[in-house]
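Reader: I'm new to protein models. Could you walk me through this one?

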Amino acid sequence: MELKGYKRPDGRVGFRNHVLILPTVMCSVSVAHSISQEIPGTITVPNDSGCLLLGRDKEIYGRTLVNTAGNPNVAATLVIGLGCELFSAEQIAEQIERFGKPVRHLTIHQVGGTINTVNQGVSIAQQLVTEASTLEMEAATVADLVVGLECGGSDPASGLTANSALGVAVDRIVDEGGSAIIGETEECVGAEMLMAANAKTEAVGERIQEVVKRTEHRLSMYGIDLTSEQPIPVNIQAGISTLEEKSLGCLRKIGTRPIVEVLEYSEIPNQKGPILMDTPSFDALSVTGFVASGCQVIVFTTGVGNPFGTAVTPVVKVLSNTPAYNRMRDNTDINAGTILEGTETVEEVGEQMYNMIVQVANGQQTKAEILGDNQFAVWRTTTQA
Amino acid sequence: MNNKQKAAIVISEKDNVATAISELKAGDSVVVRVGEEERQIILKSDIKFLHKFALEDIVKEQHIIKYGQIIGETTTHIKQGEHVHVHNLRSLRGLNSD
């Protein structure tokens with residue numbers, strides 16, 4: 001299938017051409033928002049963090065901000081800092097330079113307050129949008145695609161319908177040289193041996209088991225045991241018999257091809273193919289990690305529907321059952337509930353998803369995109385100081 | 001009636017269970033598609049929506065396969081068309097980590 005995109009200096013291909021107004025801390029969110037409101041063609045993210053992070057969370061946070069600007073759907077970035085946060089606007093902008101795209105920065109303390117910073121920011125944003133608008137689209141292929149796979153508010157049909165069909169679409173994308181990233185490590189528990197056995201190399205298999213073990217360990221520190229209580233009574237009532245069955249339902253999304261790489265949260269892949277990223281199950285956090293890794297399209301399967309989206313990356317929403325689809329049509333792009341009714345097969349809905357992913361890459365707006373749904377939240381693995 | 005309408009679905013050709021996509025009763029004769037082949041199964045138990053039944057006779061301590069993957073092992077002999085659930089299927093993970 002023919003695609004058109006923006007070839008970025010680092011070799012990745014963008015399918016949107018946003019100018020990102022990036023707040024380095026919660027305190028600069030309203031200034032970033034004001035600038036973005038003034039200049040169509042810009043986007044911003046509702047950052048809720050940026051101060052007093054501890055240990056590994058500092059590294060994760062910095063990487064997530066920088067790599068979000070690196071996402072190939074972003075043409076240029078204006079970083080807005082306050083001046084006393086964990087990473088200054090200047091530090092973040094310096095890191096973003098490595099992607100070779102235009103980047104500018106302003107610091108509210110230095111410029112002198114909200115109004116002055118908004119005024120300067122609006123001028124800079126206008127210049128960046130002008131520059132971005134001169135970039136031309138070039139021929140691209142499915143091999144340039146990195147698709148993020150999320151599920152949330154799953155129902156017992158999710159594994160059978162939406163996730164299975166998504167797996168069909170992912171197999172096809174991977175066979176054409178593209179990539180897909182699955183996360184939500186907690187949901188691998190019980191199926192990690194199967195995943196590891198189907199990994200591309202022994203080292204990747206060991207990494208899969210390692211991140212799952214690490215997740216179990218982290219939760220055990222809070223007295224939580226994922227395996228002894230699973231599946232929960234409501235799952236059993238719904239027909240799920242074992243932990244393996246429950247986890248495999250989630251993992252259907254990644255398809256059947258071997259996992260080629262395991263990433264830490266918000267890292268950029270080095271390999272092409274199916275990839276596991278260590279993310280939490282809370283959708284906004286997980287998807288923020290995918291966006292930072294460079295996903296140009298996200299597919300989100302759900303049993304209940306939601307108004308979730310991101311400004312950087314279009315989110316395709318899939319419902320697993322028709323009653324919920326009928327209630328949540330405004331927010332949903334594809335109904336996989338037809339599989340339960342027997343009017344469409346898993347393969348047919350999978351093909352529909354593949355086509356939609358390609359069309360969205362080629363510019364078709366998703367429901368979430370049109371509605372302006374815009375969530376962004378960086379994972380905090382420890383506690384907040 | 002649409003020829004695609006089915007009572008149950010089988011995700012992978014390797015599967016030895018099917019999942020009901022409507023409420024099914026003991027004695028019902030259901031047609032399931034396994035890969036390219038259609039199989040007729042007479043149900044031995046009532047099968048609730050989204051519950052599983054055996055596509056073939058499965059002896060004790062054999063793997064149950066759904067999604068083409070092992071989801072556990074049988075704790076007893078299961079006959080074709082019988083309900084497969086927590087009463088005759090257990091997780092292997094619990095056994096390995098004990």
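This is a predicted model: local features need pLDDT of at least 70, side-chain atom pairs count only at pLDDT 80 or more; totals for chains, interfaces and linings use all residues.

Reader: Is Tyr222(A) buried or exposed?

Author: Look for Tyr222(A) in the loop between helix 8 (202-220) and helix 9 (233-238) of chain A. Helices here are DSSP runs of H or I with at least four residues, strands are runs of E with at least two, and both are numbered from the N terminus. The relative accessible area of Tyr222(A) is 56%, so this residue is exposed.

Reader: How many of the residues of strand 5 of chain A are buried?

Author: Strand 5 covers residues 74-81. Two strands pair if DSSP finds at least two bridges between them. Six bridges join strand 5 to strand 3 (residues 18-23) of chain A, running parallel, and five join strand 5 to strand 6 (residues 103-107) of chain A, also parallel. Strand 5 is largely enclosed by the rest of the structure, because the buried residues number eight of the eight.

Reader: Which residue is the bridge partner of Gly81(A) in strand 6 of chain A?

Author: Strand 5 and strand 6 of chain A are joined by five bridges. In strand 6, Gly81(A) is partnered by Thr107(A).

Reader: How many residues apart in sequence are the parts that Arg207(A) and Glu264(A) tie together?

Author: Side chains of opposite charge can pair when their charged atoms come close. A salt bridge here is a side-chain nitrogen of Lys or Arg within 4 Å of a carboxyl oxygen of Asp or Glu, and Arg207(A) and Glu264(A) make one at 3.4 Å, N to O. Arg207(A) sits in helix 8 of chain A and Glu264(A) in the loop between strand 10 (261-263) and strand 11 (274-277), so the parts they tie together are 57 residues apart.

Reader: Is Glu264(A) buried or exposed?

Author: Glu264(A) also forms a salt bridge with Arg214(A), with the closest N and O atoms 2.8 Å apart. Arg214(A) is partly exposed at 27%. Glu264(A) has a relative accessible area of 16%, so this residue is buried.

Methods: Residues are numbered from 1 along each chain as its sequence is written. Chains are lettered from A and ligands numbered from 1 in the order in which they are written. Side-chain values use heavy atoms; hydrogens and water are left out. Buried means under 20% relative accessible area, exposed over 50%, partly exposed in between (1.4 Å probe, protein chains only).
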